[in-house]
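Morning, everyone. I will go through one structure, starting with a single chain and then moving on to how the two chains meet. Please have a look at it first.

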2 protein chains.
Amino acid sequence: MTPPSPRTRVRRMNEKAAYDRATVEALLDAIPLAHVGHLVDGFPMVTPTLQWRTGGRLYWHGSSASRMMRAAAGAPVCVTVTALDGMVLARSGLEHGVHYRSVMVFGTAEAVTDPAAKEAALAAMMERLFPGRWSALRPMTGQELKATAILSLPIDEASVKTDAGPPADPPEDQDWPVWAGTVPLVTTPGTPVPAPGLAAALAADPPAYLSAFRVT
Amino acid sequence: MTPPSPRTRVRRMNEKAAYDRATVEALLDAIPLAHVGHLVDGFPMVTPTLQWRTGGRLYWHGSSASRMMRAAAGAPVCVTVTALDGMVLARSGLEHGVHYRSVMVFGTAEAVTDPAAKEAALAAMMERLFPGRWSALRPMTGQELKATAILSLPIDEASVKTDAGPPADPPEDQDWPVWAGTVPLVTTPGTPVPAPGLAAALAADPPAYLSAFRVT
């Protein structure tokens, strides 16, 4: 889980573009939680947020008043999305590890400023998470749109790393008398909880996108 | 999920030190996956890794050859640990959100260099994840210890944010005819998978720490 050098990163994306692009997109589409790295007064800051992808671009949003959103706009960022899929228990400490999928996307964050483009981006976010829900919501107001900042990044420079499989103990360690293997980790949605006061008819008929929802 | 200003951060930690320290420690102890933000050639990079806590310090490790580990040693970092606990579906787009717990720890990463201190730190990591396992492993060699870099950070400047509860629609939106509520997300360990070739006696008697393992 160590990063490639910037030079390696670029090369990797160029050399294995088709493969990497598909893997990058699949990972971004699978896992909404992202960690955005940016600078504040020259110091690194890592902010959790939800990301979504539309075509060749990755998006995230926040409050227009947010220091992070203002600091990151027009500035270099690294957006990292990681799934921790399991633990690998080997016979030696050194060979222990994790099953994971991780993508880093690097670039300069661009603010989406056009109101129609902002609304379209938010609709796309909802479509990714809960398809069909956006048009059923109380429509956004102009003021709400102003209060929402959206940042975007082209998915051009990216690095994917994944690990899976059993522990890779060398032959001389194979017979060490300790349990070895893997422990999978799975993130699953629980039963939806209707809001207090939700009309009985709505509570009784939950939309299909709730049971289809996945984050992995 | 927007970050406080550096000034606010420090103040927050000082003013609510006892409360925050307990919350910070509980979160760090609950969730091993961390995202470390650091600079590489002046650009932000966010690297996933596992963290663990011993007393008032947070630790993570990697390969001594890792560019990240070398770039972060002695440099400013932000270590962020986040649990995504659920989705909040409101009547308007604006009020949508997530249930989450997140902590950012800021400071200068310090390398642990003394071999005995390094080994003790790795033992503490294992003790956090799988108590009692370390002493059952094939012992570390000096070479393996050299190949492992460990970084550490005092948990002095930190910021915790959490959100939970039902959607907070204003009264005028409460009767909008759309499903509203929350969808919990839970990460659970699956059934442990013994390594291929694990002795039958070991496979038949999995250690108790496997079923006790949690990451949330």
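Start with chain A, and with the contacts inside it whose partners are 6 or more positions apart: 74% of these join residues 24 or more positions apart. Keep in mind that this is a predicted model. Chain A has 216 residues, and buried residues make up 41% of them. Its secondary structure comes to seven helices and 10 strands. The C-alpha trace of chain A spans about 65 × 45 × 35 Å along its principal axes.

Now one helix, α4 of chain A, which runs over residues 115-129. Its 15 residues reach 21 Å from the first C-alpha to the last, close to the 21 Å expected at 1.5 Å a residue. Which residues of α4(A) are buried? They are A:Glu119, A:Ala121, A:Leu122, A:Met125, A:Met126 and A:Leu129. These residues cover an arc of only 160° around the axis, so they lie on the same side of α4(A). The face turned away from that buried side carries A:Ala116 and A:Ala117, which are exposed. What do the buried residues of α4(A) pack against? Within chain A, their partners are the strands β2 (43-54), β3 (57-63), β6 (110-112) and β7 (148-154), together with helix α5 (142-146).

On to the two chains together. Chain A puts 81 residues into the contact, and chain B puts in 81 residues. On the side of chain B that touches chain A, the largest share comes from strand β9 (residues 181-189) of chain B, with nine residues. Sorted by class, that side of chain B has 53 nonpolar, 22 polar and six charged residues.

Strand β9 (residues 181-189) of chain A pairs with strand β10 (residues 193-194) of chain B, in the antiparallel sense and over two bridges. To find one of these on screen, take A:Thr182, whose bridge partner in β10(B) is B:Val193.

Last, how are the copies arranged?

Technical notes:
Residues are numbered from 1 along each chain as its sequence is written. Chains are lettered from A and ligands numbered from 1 in the order in which they are written. This is a predicted model: local features need pLDDT of at least 70, side-chain atom pairs count only at pLDDT 80 or more; totals for chains, interfaces and linings use all residues. Two residues are in contact if their C-beta atoms, placed from the backbone, lie within 7 Å. Helices (H or I, at least four residues) and strands (E, at least two) are DSSP runs, numbered from the N terminus. Ala, Val, Leu, Ile, Met, Phe, Trp, Tyr, Cys and Pro count as nonpolar, Asp, Glu, Lys and Arg as charged, and the others, Gly among them, as polar. Two strands pair if DSSP finds at least two bridges between them. The expected span of a helix is 1.5 Å times one less than its number of residues. A residue is buried if 20 or more other C-beta atoms lie within 10 Å of its own, exposed if 12 or fewer, and partly exposed in between; C-beta atoms are placed from the backbone. The arc is that of the directions from the helix axis to the C-beta atoms.
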